[in-house]
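Student: I have a model open and would like to learn how to read its features one by one. Could you take me through it?
Tutor: Gladly; here it is.

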Amino acid sequence: ERQVERFPEEENAWFDLGQLYIEQEDFPSAVRAYDELEQLIGLNQEVGFRKHQLYVFMDQPENALKELANLIDFFPGDERNYQARFEVLLQMEREEEAILSLEALLEVNPADAFALLALADYYKSEGDFKKSDEYLFRAFENPNVELTSKLKNLRELSEFARRDHKVRERK
């Protein structure tokens, strides 16, 4: 705090103060420190993402969503903002909006492995196997999807097919 008092224009002092508050589990003060930092430097991906995480931790999902909306507007190419928005919306049980977030991510990066696999899983759980297959095939064709993710999905599909006659009957 003394550093910030002595050097109020020093960006690192505000960042360090926010980190110190996090270590002390004083999350509201950490957000205020990061707000002050953004007053100095403008919207910043790392600072905004930390604020979103703090809001999630403080059980303030609406504030987290606002932070993520700002980040997506200013940094539309950063995929983790869309993934984080998806996760917050799911926690809030706003499933349709969460799915729209993944679809928006695919507009930015049509080969995003996380979005493809999450959408395949979602549509499978909804019983829309045709749509699930579309996303799954796109994921399996995608060299960016790790082999371990592909194998995990194959195992899950195999187990799912054994338990569900509708899946076994598909051609």
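Student: Let me begin with two tyrosines: are Y122 and Y123 buried or exposed?
Tutor: Keep in mind as we go that this is a predicted model. The general idea is to look at relative accessible area, where under 20% means buried. Both Y122 and Y123 are buried. For Y123 the relative accessibility is 10%, so Y123 falls in the buried class.

Student: How many aromatic pairs are there?
Tutor: For this we look at ring centres, which must lie within 6.5 Å of each other. By that rule there are 5 aromatic pairs. Take Y122 and Y123: their ring centres are 4.9 Å apart and their planes stand at 70 degrees, so this pair is edge-to-face. Y123 also pairs with Y135, and here the rings are stacked, with 5.8 Å from centre to centre and 5 degrees between the planes.

Student: At what angle do the axes of α8 and α9 cross?
Tutor: To read helix packing, ask for the distance between the axes and then the angle. Helix α8 covers residues 113-125 and helix α9 residues 129-141; their axes come within 8 Å and cross at roughly 160 degrees. An angle over 145 degrees counts as roughly antiparallel, and that makes α8 roughly antiparallel to α9. As for handedness, α8 passes α9 in a left-handed crossing.

Student: Which residues of α8 and α9 meet?
Tutor: On the α8 side they are L116, L117, L119, A120, Y123 and K124, and they meet F129, K131, S132, Y135, L136, R138 and A139 of α9. Sorted by class, this contact has 9 nonpolar, 1 polar and 3 charged residues.

Student: Let me zoom in on one of them. Which residues does A120 touch, beyond those up to four places away in sequence?
Tutor: A120, which lies in helix α8, touches S132, Y135 and L136 when those sequence neighbours are not counted. At 4% relative accessibility, A120 counts as buried.

Student: Now for another helix pair. At what angle do α4 and α6 pack?
Tutor: The angle is about 10 degrees, with the axes 12 Å apart. Angles under 35 degrees count as roughly parallel, and α4 and α6 are therefore roughly parallel to each other. Q45, E46, F49, H52 and V56 of α4 make the contact with R80, N81, A84, V88 and Q91 of α6. The class count for this contact is 4 nonpolar, 4 polar and 2 charged residues.

Student: And how do α6 and α7 cross?
Tutor: The axes of α6 and helix α7, residues 95-108, come within 8 Å and cross at roughly 170 degrees. That makes α6 roughly antiparallel to α7. The contact between α6 and α7 has 10 nonpolar, 2 polar and 4 charged residues.

Student: What is R85 in contact with, leaving aside neighbours within four places in sequence?
Tutor: R85 belongs to helix α6, residues 79-91. With those neighbours left aside, R85 is in contact with L65, L68, I72, S101 and A104. I72 is 13 residues from R85 along the chain, and the C-alpha atoms of the two are separated by 9.4 Å.

Student: To finish, how many helices and strands does the protein have?
Tutor: The protein has 11 helices and 0 strands. Of its 171 residues, 39% are buried. Among contacts with a separation of 6 or more, 42% involve residues 24 or more positions apart.

Notes:
Residues are numbered from 1 along each chain as its sequence is written. This is a predicted model: local features need pLDDT of at least 70, side-chain atom pairs count only at pLDDT 80 or more; totals for chains, interfaces and linings use all residues. Side-chain values use heavy atoms; hydrogens and water are left out. Axes are lines fitted to C-alpha atoms, for helices over the stretch in contact, and angles run from 0 to 180 degrees between N-to-C directions. Helices (H or I, at least four residues) and strands (E, at least two) are DSSP runs, numbered from the N terminus. Angles under 35 degrees count as roughly parallel, over 145 as roughly antiparallel, 65 to 115 as roughly perpendicular and the rest as oblique. A crossing is left-handed if the near helix is turned anticlockwise from the far one by less than a right angle, and right-handed if clockwise. Contact means heavy atoms within 4.5 Å. Ala, Val, Leu, Ile, Met, Phe, Trp, Tyr, Cys and Pro count as nonpolar, Asp, Glu, Lys and Arg as charged, and the others, Gly among them, as polar. Rings of Phe, Tyr and Trp (its six-membered ring) pair if their centres lie within 6.5 Å; planes under 30 degrees apart count as stacked, over 60 as edge-to-face and the rest as tilted. Buried means under 20% relative accessible area, exposed over 50%, partly exposed in between (1.4 Å probe, protein chains only).
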